[in-house]
Amino acid sequence: MFAYCSDPSVLDGLPWLSCYLTTGKHMAFYASFGTVLLLLAVTAPTALLFGLGGAMAARARFALVRWFGKGYIAIVRGVPDIAFFLFFVIALDQGIEWLRHKVKCPDWTEPVRQGSEFLVCDIAKMPLSASPQWVHEIYGFWVAVFTFAIVFGAFAANVLYGAMQAVPRPQLETAEAYGMSPRQTFWRVLMPQMWIYALPGLSNLWMVLIKATPLLFLLGVEDIVYWARDLGASKTARFTAYPHGDWRMWYFLALLVFYLLFTRVSEIALTRITKRLSHGQATLDGESQRKNAGSTA
């Protein structure tokens, strides 16, 4: 990065540290913070869509759809997250490769499952072995997004289902009395009002999602935990130009500060959203806002 970093053995103090913190691996470490933020930005709305679909299915009039929605919520919520991440990702990856194998290699005679080995033809692998590294990284990222969305979508579905049940029944009956169809009642009355009841649960779910991002390394994504463990471990002069002892405590301390700051910013944003959604609602916060407005007037 800097010209004087060409020979780090002659550097000491701050120059050595500046060169050390600007190596290629450290740049990848800094970029991994963006990977975590991007994962949250994509996963949160995707999980919310899964949750909305699950909640709507759980309230469906058709028994088969209702059982599917409730089964999705119950099964995913009942399985430990780490077990689901490990099992589901392997099953999803092998399922995609098996389908591609059947289509692209119909003349294959050997069994795909050979003991603990899962063998498919080379052109059926996802991604291909000859694919560049960025293809493998993007594939791993989207598998992670899909896995996180399914897991947290089930929790979001449970929150949204409870919020829909919490909307006062007279509100829906009034809409029906005005001649609204069930669909109009759902989208024009139930949906706008249920968010204030869902927000506390969704806020907690958002915090849990933030804390779950360190599980990315289990899905093969080089996230901040992966690089913190790699960079912080002891390094000898035989393998690196910047030898050092076990510095993992300092790297994980940086992660601690990052997560605490991010959760604090999230709390401030969620508090403002709650106040905005409470305006005009028959909730404690809404009543407090009306009283404050009346006293000011």
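The following paragraphs describe helix 8, threonine 213 and alanine 47 in a predicted model.

Local features were considered at pLDDT of at least 70 and side-chain atom pairs only at pLDDT 80 or more, whereas totals for chains, interfaces and linings use all residues. Residues are numbered from 1 along each chain as its sequence is written, and side-chain values rest on heavy atoms, with hydrogens and water left out.

In helix 8, which spans residues 224–232 (helices being DSSP runs of H or I with at least four residues, numbered from the N terminus), the residues Ile224, Val225, Trp227, Ala228, Leu231 and Gly232 are buried (under 20% relative accessible area, with a 1.4 Å probe and protein chains only). These residues cover an arc of only 165° around the axis, which puts them on the same side of helix 8; the arc is that of the directions from the helix axis to the C-beta atoms.

Threonine 213 is located in the loop between helix 7 (182–212) and helix 8, and is counted as buried at 0% relative accessibility. A polar atom of the threonine 213 side chain lies 2.7 Å from the backbone oxygen of isoleucine 210, and the side chains of threonine 213 and tyrosine 259 are joined by a polar contact of 2.7 Å (a pair of N or O atoms within 3.5 Å; within protein, one must be able to donate a hydrogen and the other to accept it, and residues adjacent in sequence count only if both atoms are side-chain atoms).

Alanine 47, in helix 2 (residues 24–58), is buried, with a relative accessible area of 6%. Neighbours within four places in sequence aside, alanine 47 is in contact with Ala149, Phe152, Gly153 and Ala156 (heavy atoms within 4.5 Å).

Key. Buried < 20%, exposed > 50% of the residue type's maximum accessible area, 1.4 Å probe, protein only. Helix = DSSP H or I, 4+ residues; strand = E, 2+ residues; numbered from the N terminus.
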